[in-house]
Structures are given as C-alpha cells and as structure tokens.
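Here is a short briefing on helix packing and charged pairs. Look at the model first, then read the points below.

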Amino acid sequence: MVSLGRSYELARASFGVLKRDKEILLLPCMAGVIMFITLIAASLALINSLSSSGMLFIQLFICSIIIVPLFFAFLAAFFQAAVVGCAFIRLEGDNPNIRDGLKVAIRNALPLLQWAIIGAIVGALLEAIRTLLNALSSESGRLNYPSKLSHLSSFTNFSDEEVGLGDIIAGGLGLAWAAATFLVIPVIIQERVSVVRAIARSAKLVKEVWSETFMLSLGFGALFVFVGLSGGLAIAFIGAALGAGGIGLAIASAYWTILACLYFSLKGILRAAVYQLSVKQAMRPSCSEKFDTLIRYINSTSKNINE
C-alpha cells in the first residue's frame, strides 16, 4: 500500500542530493519557459490567422494540436534526461552543472525525440480506448456504483455515473505503461540502446526489481499533489479573505510552479537512483527492504557529498 509517510522519506532523501546542486532546478524552469513561449506564439499565430483566411486558421489549428503536444513531450523528455544526467554524475561522486546535464540530453536527443513520439502515440491510443469504451458502455448504461459519496455530487458537479468502463480500463493500462517505462530515460542515457530496447529493458528491470516499489513512486507524486492543493488553496483563500484575491492567486501560482520544478527534479534523481541500484542488483526480496535500501543509498550519497 502506498504510504505518504514513506514517500516523504523518499522525497527528503532525494532533496538531500538536490540541495547540493540547486542549479538543477533551473532545468525544469527552462522547460517551462520554452513551453510558455511556444504556447503564446502558437496562440498569437492562430489569432492573427483569423483575420486573413479561415482555411489558414484551420491548417494552423491542425498543426498546433499535433506539433505542439509532440514538442512539449520532447521538451519534457529532454529536460528530464538533463536532470537524470546530472543526478548520475552526482550519485557517482562528482559535481555536475547544468551544462553537463544539457550535454547528456543533447547527446541523446534523437532517441528522446523517438521516445516522446511513442509516448504521445500511446497517450492518444489510450484516450481513443477510453472514448470508445465509454461510448459503447453508455449504450447499455454506464457502470453504476452505489457510492457513499453521492451526497458530494452537487458540490463537485461530478457523479459516480460519469465513471465509465473506458475510464477504468484506460486508467489501468496507463498505469501499467507508466510502470513499465519508468526507467526508459535512464536506460537511454546509460546503455545507449534504441527506444524499443529501452522500453523492454525498463519493463524488465521494473518487473524483476521494482514492481512493488514503483507504487511508492506514485505515493511520491501523491505527496506533491496533496502539498500543492492544500498549500495553494490555503494561500488563495487567505488572500481572498484579506481582500487581495488577485495577489493570493498570484502567490499560489508561484507556489505551484516551484513545487512542479521540485517534483520534476526530484523525480529525475529518483529515477537515476533506482536505475543505479537495479543494475547493481542490490535489492532484497521484500518491498520494505527494497525501499529501505533505496533510502540508504540516496542518503549515503548525500553524506559522501557533504564530506
């Protein structure tokens, strides 16, 4: 079972490495800035095309919904590879900088692009499966679950009847895909294999060594979601109560941005540490012992750095 307490230990251990190389946080910031500029440029191009030709707008719109998501997926993979590259250097006892991480990402740019394309295709297929199965199940009635939370439907504006068969199956397949590909980027960086072989290698490592511990990485993400929602909403509500809703919202947005950069960086460090331990085969049978080994490994790296 995923434990937020143990996920906190994992985040704290990874942060022990990150605090020695704070410049790594600039990598997700760079990715975010490029994505923001790209989104603004695409939006302005679409707006300007409305005044010239409707056909031009349609063409630009089709290109935008295809190219922009692929570009964003590539940026995410590229800068995650840069973070993982820095993490590998740090875990090996050396002192990395942003240039080192970017060199690693640039050296593997082509397989990272291929990985981004495959990921986008899988995401589109999962969405198609979800839509198709939901449409088919709606003909015979959606899956109805007697829920104790039905009294919340008026507050959330969602009912349990909106959860269809496609949501469940696509969600399960998406989770399995995320688990199988958890170590794809570290494999691409360290083993210099094709993307297909990297996916197979990642799936093998996860299955043999980290099948249970992957669930703790989900708790790692859940921890950041919890902290982000609780802290951000608290800031926004306090600002609204003081009559400064706009300022509160701006501070909450900055808070969420910082958390997103932290999560992106810590997840890269986690991937690097998991891969290092996997190839060393330093794992023990039980999930608890695997997790403890991972924590000790990351903490020992931080101690070596401090020394």
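Glu-191 counts as partly exposed, at 27% relative accessibility; buried means under 20% relative accessible area, exposed over 50%, and partly exposed in between (1.4 Å probe, protein chains only). Glu-191 forms a salt bridge with Arg-201, and their closest N and O atoms are 3.0 Å apart. A salt bridge here is a side-chain nitrogen of Lys or Arg within 4 Å of a carboxyl oxygen of Asp or Glu.

This is a predicted model: local features need pLDDT of at least 70, side-chain atom pairs count only at pLDDT 80 or more, and totals for chains, interfaces and linings use all residues. Residues are numbered from 1 along each chain as its sequence is written, and side-chain values use heavy atoms, with hydrogens and water left out.

**The pair between helix 8 and helix 9**

- Glu-191 lies in helix 8 and Arg-201 in helix 9, so the pair ties together parts that are ten residues apart in sequence.
- Helices (H or I, at least four residues) are DSSP runs, numbered from the N terminus.
- Arg-201 counts as partly exposed, at 27% relative accessibility.
- Side chains of opposite charge can pair when their charged atoms come close.

**How helix 8 meets helix 9**

- Helix 8 covers residues 184-191 and helix 9 covers residues 195-208.
- Their axes come within 8 Å and cross at roughly 115 degrees.
- Axes are lines fitted to C-alpha atoms, for helices over the stretch in contact, and angles run from 0 to 180 degrees between N-to-C directions.
- On the helix 8 side, Val-184, Val-187, Ile-188 and Glu-191 take part in the contact (heavy atoms within 4.5 Å).
- On the helix 9 side, the partners are Ala-198, Ile-199, Arg-201, Ser-202 and Leu-205.
- The residues of this contact divide into six nonpolar, one polar and two charged.
- Ala, Val, Leu, Ile, Met, Phe, Trp, Tyr, Cys and Pro count as nonpolar, Asp, Glu, Lys and Arg as charged, and the others, Gly among them, as polar.

**Helix 8 itself**

- How many of the eight residues of helix 8 are buried? Six are, and helix 8 is mostly covered.
- The buried residues are Val-184, Ile-185, Pro-186, Val-187, Ile-188 and Ile-189.
- Just after helix 8, Arg-192 takes a positive phi of about 50 degrees.

**How helix 7 meets helix 9**

- Helix 7 (residues 165-180) packs on helix 9 at an angle of about 95 degrees, with the axes 8 Å apart.
- Helix 7 and helix 9 are therefore roughly perpendicular, a label for angles of 65 to 115 degrees; under 35 counts as roughly parallel, over 145 as roughly antiparallel and the rest as oblique.
- Trp-177, Ala-179 and Ala-180 in helix 7 meet Ile-199, Ser-202, Ala-203 and Val-206 in helix 9.
- This contact has six nonpolar residues, one polar and no charged.

**The salt bridges around Arg-130**

- The count for the model comes to three salt bridges.
- Glu-127, Arg-130 and Asp-167 are linked in a network of salt bridges.
- Glu-127 pairs with Arg-130, their closest N and O atoms being 2.6 Å apart.
- Both lie in helix 5 (residues 109-139), three residues apart, about one turn of the helix.
- Arg-130 also forms a salt bridge with Asp-167, with the closest N and O atoms 3.2 Å apart.
- Arg-130 lies in helix 5 and Asp-167 in helix 7, so the pair ties together parts that are 37 residues apart in sequence.
- Glu-127 is partly exposed at 38%, Arg-130 at 28% and Asp-167 at 26%.

Technical notes
Helix = DSSP H or I, 4+ residues; strand = E, 2+ residues; numbered from the N terminus.
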